[in-house]
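Please keep the sequence and the coordinates at hand while reading.

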Amino acid sequence: MADTDEPEKKRRRVVELTEKMVVDGGSRDGGEWDGRWNHINTFLERPGPFTHPDFEPSTESLQFLLDTCKILVIGAGGLGCELLKDLALSGFRHIHVVDMDTIDVSNLNRQFLFRLKDVGRPKADIAADFINGRIPGCNVVPHFKKIQDFDESFYRQFHIIVCGLDSIIARRWMNGMLLSLLVYEDGVLDPSSIIPLIDGGTEGFKGNARVIFPGMTACIDCTLELYPPQINFPMCTIASMPRLPEHCVEYVRMLLWPKEKPFGDGVGLDADDPEHIQWVYQKSQERAAEFSITGVTYRLTQGVVKRIIPAVASTNAVIAAACATEVFKIASSAYIPLNNYMVFNDVDGLYTYTFEAERKENCSSCSQVPQDLHFSPSAKLQEVLDYLTENASLQMKSPAITATLEGKNKTLYLQTVTSIEQRTRPNLSKSLKELGLLDGQELAVADVTTPQTLLFKLSFTS
Amino acid sequence: SKRTMAVTKASKDQKYDRQLRLWGDHGQEELENAHVCLINSTASGTEILKNLVLPGIGAFTIVDGHKVSGQDVGNNFFLSNNSIGRNRAQAATELLQELNTDVSGNFVEEVCVFNYEHTCLRLGSVLWNANIPFLVCRTYGLVGYMRLVVKEHTVIESHPDNALEDLRLDQPFAELKNHIQSYDLEGMGKKNHSHTPWIIIVAKYLEKWFSEHNFQFPKNYKEKEAFKQLIRQGILKSEKGTPEDEENFEEAIKNVNTALNPTKISSGVDDIFNGEQCNDITSQTPAFWVMTRAVREFVHNDGGGNLPVRGSIPDMIADSEKFITLQNIYREKAMQDASVVSKHVESLLQSVGKVCETLFCKNAAFLRVVRCRSLVEEYSVETVNKDAITSCMDSADGEMVLYLMLRSVDRFYQQHSRYPGVYNYQVEEDISKLKLCVNSLLQEYSLNVNVKDDYIHEFCRYGASEPHTVASFLGGSAAQEAIKIITRQFVPFNNTFIYNAMSQTTATFQL
């Protein structure tokens with residue numbers, strides 16, 4: 001009878017289809033098993049109402065993720081460990097990870113790929129080993145290096161780059177690097193030169209995740225004002241008018257240590273050396289007692305000296321997961337990516353805010369328009385230097401300024417090489433006119449915050 | 001031995017340093033005394049536990065009767081392919097335990113049939129009656145869901161962002177008044193004048209303003225601007241008549257608006273004072289309510305309608321001596337007020353412990369009480385929160401539709417003993433079946449809302465999959481909520497949280 005036939009037919013179809021899924025979903029390389037990628041396949045093989053317009057369901061998308069797609073993870077710390085796990089369990093197998101740090105005990109409360117026995121070893125190496133061991137077939141390649149140790153030829157090989165950094169300078173450098181890879185033909189951006197950058201950041205119970213398509217959407221520098229500059233205590237407060245326990249610690253770190261050289265001549269304060277911290281702690285207590293200030297503890301001392309930012313596993317898990325979801329969306333075209341910035345805070349309930357950060361028309365990094373510098377010809381070079389470091393949209397750290405004068409490239413001021421710094425220091429107190437600079441002159445500025453030189457146009461005010 | 005204990009504490013302090021700066025040693029102690037139970041070691045489950053094991057939860061128990069499948073290993077970091085066929089609770093416990101030797105993990109092989117509605121409601125009732133907080137979490141396709149079920153959760157240390165200061169400039173207490181009197185701004189030398197705390201400056205100029213304005217505070221924008229001008233005129237002038245650089249005066253002007261905020265008790269705290277638990281204090285009453293009642297007594301009898309003085313002031317430009325002296329005025333008053341509160345506690349019943357009182361008084365302005373509706377209330381036709389559901393559905397693509405879809409797929413499971421669209425061939429044909437479930441749900445609760453077909457299709461498409469990244473997002477979110485409950489610091493959500501990984505948006509509903 002037709003009815004009794006149906007269940008049998010259905011059962012056979014179920015068996016066929018699961019077999020088909022296994023063959024399609026698995027690779028013949030070692031480490032595959034039935035159903036391994038089931039949780040991901042639904043998004044790659046099935047059409048849906050909310051998919052990206054470019055999405056085409058296919059059994060080949062998984063192969064692309066497994067065999068071809070190359071992802072770069074920057075940072076193997078709180079966010080990095082989470083990102084590596086998330087990507088490995090989302091079908092990505094060709095992953096590189098860059099981190100210049102070694103493992104510290106204080107990492108162990110959240111950087112779960114590391115154990116006590118790993119303390120002192122490079123984060124990138126241990127993280128890669130752990131993932132490769134836990135996730136068969138995954139090939140994480142570690143690089144115990146700084147991001148600045150690599151050039152365009154390294155970065156160009158990746159489909160997507162995802163950052164879990166704890167430094168704004170490093171972010172900006174990465175941002176600049178990807179912008180420098182962009183190719184313009186007749187003023188039109190070649191889309192194949194765009195490498196998407198997913199950036200995550202966390203601090204205590206707060207975090208954010210953002211998606212950047214260099215050259216198309218807001219870059220890191222477009223929204224630099226979202227990262228207000230670090231506030232340092234005024235010198236007079238530290239030197240003669242302390243009020244808070246923090247002021248006492250900064251006094252010891254900045255003024256007393258250079259004076260007393262407690263561990264010998266030329267021995268700088270090593271924030272990771274408990275003996276050094278202990279000395280700073282004791283001296284800070286003495287300083288505090290002088291002014292009847294309470295509250296200096298070892299923990300506070302360490303926090304001030306190392307500029308410690310509190311951190312927990314949960315926030316890193318949330319932000320990394322959001323970033324990894326975006327990597328998956330972009331790599332598979334399964335959904336329209338986050339457009340383009342999500343903020344998260346779980347101090348009071350759970351709060352998120354998702355918005356589109358806008359490109360800045362005259363962004364110093366991605367607008368390709370030389371920035372105007374407005375100064376009077378009698379302004380001193382020092383004023384220009386101050387502007388470059390203090391302006392909220394620029395926030396440079398130690399800019400080196402060069403100009404083309406009489407057909408020759410002349411370094412006006414450079415801080416990072418002692419001999420050149422000494423030679424060019426007198427220029428700081430000279431006026432722009434004295435230095436021979438002309439109205440409309442281009443100045444080239446290099447800085448740690450960007451891998452490429454930024455061009456500025458000098459515009460004299462009367 | 002004592003020495004071993006000291007060494008262990010020191011190494012734990014190092015390991016947990018970054019989180020101790022958030023919830024303190026006392027919060028960590030609560031965490032280390034806690035025992036958490038996870039039911040079903042799915043990817044979501046193990047990710048939640050990971051974020052509890054790493055910070056050092058005392059113990060965990062996993063209850064799961066399932067055997068590990070190939071599919072399970074594919075999305076779960078704490079299951080390996082050589083555990084396929086083994087009990088899932090056991091396999092997961094091993095790899096989670098390995099994360100942190102400070103934690104004790106164990107497991108129970110017991111199957112919890114996850115017909116969500118049925119099982120959750122039954123389990124929910126048991127836990128409700130036992131006063132054990134219950135957190136329901138699930139990842140369904142690109143949707144994350146959390147439901148907190150706790151009868152009453154009190155929070156002393158809510159750690160508010162951007163809390164207003166408690167300066168009492170509108171009602172200076174006696175010691176503060178005397179201290180302000182001791183300053184003679186006009187008779188000071190330049191150095192002292194430029195290093196007088198802005199609190200003193202505002203107080204002094206307020207006195208001036210009072211004498212000229214019939215003892216009324218600056219009330220509106222115009223008056224506040226005029227008041228700022230009055231202060232500005234007090235800036236010392238050089239011989240040429242140009243104003244000197246007095247940063248403390250600039251600080252005073254900048255802070256006028258907040259300084260003039262009237263001292264008053266927030267409505268939230270007022271509600272807590274008027275809570276039932278506050279009225280009938282017995283030996284069984286939790287410490288939180290004893291303390292609240294004591295502070296209420298203080299407010300009515302000793303504080304002139306105000307809370308105990310908080311005792312902290314923000315940093316401000318001043319020389320050390322002036323700042324510390326002023327800071328101590330506030331601190332000593334706070335200690336005085338706390339000991340008066342202490343006497344009220346004694347007269348109510350046995351002392352609750354000195355540390356608690358000081359901490360309580362410091363946080364009196366920020367107390368929070370979270371009460372969740374039970375699952376029975378959420379699911380019963382008589383008590384369903386129709387208004388919340390209907391009004392949220394005005395934005396048809398918001399998170400509320402995802403909640404309704406989750407309820408609908410559970411109905412589907414009840415009827416068909418499986419979730420929709422698990423196998424490719426089922427996706428199309430399940431759409432109409434799921435739609436029937438959606439309609440019957442809406443009808444049962446008389447919800448006059450429209451669920452777009454796209455969402456029904458999407459939920460069939462998901463095939464009850466649990467992609468790891470969504471499970472991990474949920475794992476982080478849920479673990480922190482659990483930590484909030486355990487440490488009684490920071491404020492838990494109330495009571496339904498939805499995460500939409502498609503749009504990277506979230507919403508919280510009180511259902």
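In this predicted model, T404(A) stands opposite N409(A), a residue of strand 13 of chain A. The two residues belong to a pairing in which strand 12 (residues 400–405) and strand 13 (residues 408–413) of chain A run in the antiparallel sense, joined over five bridges. The hairpin that these strands make has two residues between the strands, and E406(A) there takes a positive phi near 50 degrees.

Seen as a whole, chain A has 14 helices and 15 strands, and its C-alpha atoms fill a box of roughly 100 × 60 × 40 Å along the principal axes. Of the 462 residues in chain A, 53% are buried. Among the contacts in chain A between residues at least 6 apart in sequence, 62% join residues that are at least 24 apart. A local example of burial is T237(A), which lies in helix 8 (residues 235–240) of chain A and has a relative accessible area of 6%, so that T237(A) counts as buried. When its neighbours within four places in sequence are set aside, T237(A) is in contact with P242(A), R243(A) and H247(A).

Phi of S333(A) is near 55 degrees, a positive value in a residue other than glycine, and S333(A) is partly exposed at a relative accessible area of 26%. N340(A) lies in that loop between helix 12 and strand 9 of chain A as well, and the peptide bond that joins N339(A) and N340(A) is cis, with omega about -10 degrees.

In chain B, the loop to inspect is the one between helix 22 and strand 8 (496–500), which holds R488(B). R488(B) has a positive phi of about 55 degrees although it is not a glycine, and its relative accessible area of 41% makes R488(B) partly exposed. The loop between helix 22 and strand 8 of chain B also contains N495(B), and the peptide bond from N494(B) to N495(B) is cis, with omega near -10 degrees.

How much area is buried between chain A and chain B? The value is about 7300 Å², of which carbon and sulfur atoms give 58%. H39(A), R46(A) and R299(A) supply 11% of the area that chain A buries against chain B, more than any other three residues. In terms of contacts, 84 residues of chain A touch 88 residues of chain B.

Polar pairing runs through this interface too, with 45 residue pairs in polar contact between chain A and chain B, both residues of each pair being at pLDDT 80 or more. Several elements of chain A give two or more residues to the side that touches chain B, among them helix 1 (2–25), helix 11 (298–305), helix 12 (313–332) and strand 10 (351–355). The largest share of that side, ten residues, comes from helix 12 of chain A. By class, the side of chain A that touches chain B has 41 nonpolar, 23 polar and 20 charged residues.

Side chains of opposite charge can pair when their charged atoms come close. Across the interface of chain A and chain B there are eight salt bridges, and one of the pairs is D25(B) with R299(A), whose closest N and O atoms are 3.1 Å apart. Over all chains, the whole structure has 50 salt bridges. E98(B) and R115(A) also meet through their side chains, at 2.7 Å from N to O. E98(B) lies in the loop between helix 5 (88–97) and strand 3 (104–108) of chain B, and R115(A) in the loop between strand 2 (94–98) and helix 5 of chain A, so this pair joins two chains. E98(B) is partly exposed at 33% relative accessibility, whereas R115(A) is buried at 12%. A network of salt bridges links E82(A), K85(A), D86(A), E47(B) and K50(B).

Other salt bridges stay within chain B. R18(B) pairs with D17(B), their closest N and O atoms being 2.6 Å apart; R18(B) is buried at 11% relative accessibility, and D17(B) is buried at 6%. K484(B) pairs with E481(B) at 2.9 Å between the closest N and O atoms, and both of these residues are buried. Because K484(B) and E481(B) are three residues apart in helix 22 (residues 468–487) of chain B, about one helical turn separates them.

Note on methods: Residues are numbered from 1 along each chain as its sequence is written. Chains are lettered from A and ligands numbered from 1 in the order in which they are written. This is a predicted model: local features need pLDDT of at least 70, side-chain atom pairs count only at pLDDT 80 or more; totals for chains, interfaces and linings use all residues. Side-chain values use heavy atoms; hydrogens and water are left out. Contact means heavy atoms within 4.5 Å. Buried area is the accessible area (1.4 Å probe) that two parts lose on being put together, summed over both. A salt bridge is a side-chain nitrogen of Lys or Arg within 4 Å of a carboxyl oxygen of Asp or Glu. A polar contact is a pair of N or O atoms within 3.5 Å; within protein, one must be able to donate a hydrogen and the other to accept it, and residues adjacent in sequence count only if both atoms are side-chain atoms. Helices (H or I, at least four residues) and strands (E, at least two) are DSSP runs, numbered from the N terminus. Ala, Val, Leu, Ile, Met, Phe, Trp, Tyr, Cys and Pro count as nonpolar, Asp, Glu, Lys and Arg as charged, and the others, Gly among them, as polar. Two strands pair if DSSP finds at least two bridges between them. Buried means under 20% relative accessible area, exposed over 50%, partly exposed in between (1.4 Å probe, protein chains only).
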